[in-house]
Amino acid sequence: MADVHSFESMAALDGEGLRYAIFLTGCPLRCPYCHNPDAWFPSGRDVTADQAYQKARRFKPYFKNGGGVTFSGGEPLLHADFINETAAKLRADGIGYCLDTSGSVPLTESVQKALDGADMVILDIKFPDPERYRRYTGGDFNRFVEIGRYCSKIGVRLWLRTVVVPGINDTEADMERYAALVKEFKFERYELLGFHTMGFFKYEKLQIENPLANVPAMDRARLDELQLRLNALVQLQPVGGGRQKND
Ligand code: SF4
């Protein structure tokens with residue numbers, strides 16, 4: 001059983017092919033640019049693994065070209081037992097899954113099992129050094145590094161992502177720090193996402209202070225420049241320019 005924020009059918013982002021996304025609630029981090037603060041809190045909507053599987057399986061005919069289920073959040077790995085239970089049912093039906101995580105949880109046996117069984121992991125890299133990671137998210141940098149290393153060790157397909165915020169992590173020097181950090185990870189792509197303001201209304205609705213209320217959305221051309229710089233540093237082919245998304 002897990003507390004689910006929402007289900008989204010046919011999400012084309014967050015993994016390959018068409019996805020059935022299961023957004024789980026709770027997150028150990030408080031990223032200042034989070035566009036989903038409503039997922040920080042329980043929704044009161046408890047769903048069993050079988051219910052989640054039954055919902056997802058209806059979309060099986062559309063899971064071609066690498067599609068499948070994506071566990072997202074919040075932080076999905078807070079619910080590793082639920083993911084493993086749902087994954088067993090999905091696997092028995094020939095459906096794979098992707099994990100969209102910030103790697104902000106301890107690498108327990110259950111978390112390892114969830115990572116082991118995934119077709120792909122999308123790992124958010126918040127900030128490239130422990131000090132800024134702690135200052136901006138309140139989280140433990142080492143947990144994320146440990147999960148990145150573990151993914152690299154088991155050889156699961158790994159995509160990396162970073163949200164770029166004007167004035168916070170938008171310099172060439174920042175790209176160098178990110179590139180140095182991921183040197184020991186084995187990954188297929190590293191995509192930059194531009195900070196946007198579309199989630200601001202949620203902060204007002206939830207009456208939570210919005211720490212970036214006065215920060216403008218990331219400039220698209222600048223984001224593309226930084227993506228090219230990062231690609232060169234990590235020696236990747238272009239991934240088609242940065243997208244504007246905050247998670
Ligand atoms: S952006 Fe993701 S990791 Fe950060 S606070 Fe929001 S849900 Fe948590």
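A residue is buried if 20 or more other C-beta atoms lie within 10 Å of its own. By that criterion, 40% of the 247 residues of the protein are buried in this predicted model. The protein contains eight helices and eight strands.

**Overall form**
- The radius of gyration is 17 Å, which agrees with the value near 18 Å that a compact globule of 247 residues would have.
- The C-alpha trace spans about 45 × 40 × 30 Å along the principal axes of the protein.
- Among contacts with a separation of 6 or more, 77% are between residues 24 or more positions apart.

**Nonpolar core**
- In soluble globular proteins, nonpolar side chains tend to be buried together.
- The largest nonpolar core has 63 residues, of which Val-121 and Val-164 touch the most other members.
- Beyond its neighbours within four places in sequence, Val-164 is in contact with residues including Asn-169, Leu-192, Phe-195, Met-218 and Leu-226.

**Surroundings of the ligand**
- Twelve residues lie around the ligand, and those that come nearest are Cys-27, Leu-29, Cys-31, Cys-34 and Ser-102.
- The shell around the ligand consists of five nonpolar, four polar and three charged residues.

**Glu-16**
- Glu-16 is located in the loop between β1 (2–11) and β2 (19–24).
- Glu-16 counts as partly exposed because it has 17 C-beta neighbours inside 10 Å.
- Residues up to four places away in sequence aside, Glu-16 touches Gly-66, Gly-67 and Met-120.
- Although Glu-16 and Gly-66 are 50 residues apart in sequence, their C-alpha atoms are 5.6 Å apart in space.

Notes: Residues are numbered from 1 along each chain as its sequence is written. This is a predicted model: local features need pLDDT of at least 70, side-chain atom pairs count only at pLDDT 80 or more; totals for chains, interfaces and linings use all residues. A nonpolar core is a set of buried Ala, Val, Leu, Ile, Met, Phe, Trp, Tyr and Cys residues joined through C-beta atoms within 7 Å. A residue is buried if 20 or more other C-beta atoms lie within 10 Å of its own, exposed if 12 or fewer, and partly exposed in between; C-beta atoms are placed from the backbone. Two residues are in contact if their C-beta atoms, placed from the backbone, lie within 7 Å. Helices (H or I, at least four residues) and strands (E, at least two) are DSSP runs, numbered from the N terminus. The radius of gyration is taken over C-alpha atoms; the globule rule is 2.2 Å times the number of residues to the power 0.38. A residue is near a molecule or strand if its C-beta atom, placed from the backbone, lies within 6 Å of it. Ala, Val, Leu, Ile, Met, Phe, Trp, Tyr, Cys and Pro count as nonpolar, Asp, Glu, Lys and Arg as charged, and the others, Gly among them, as polar.
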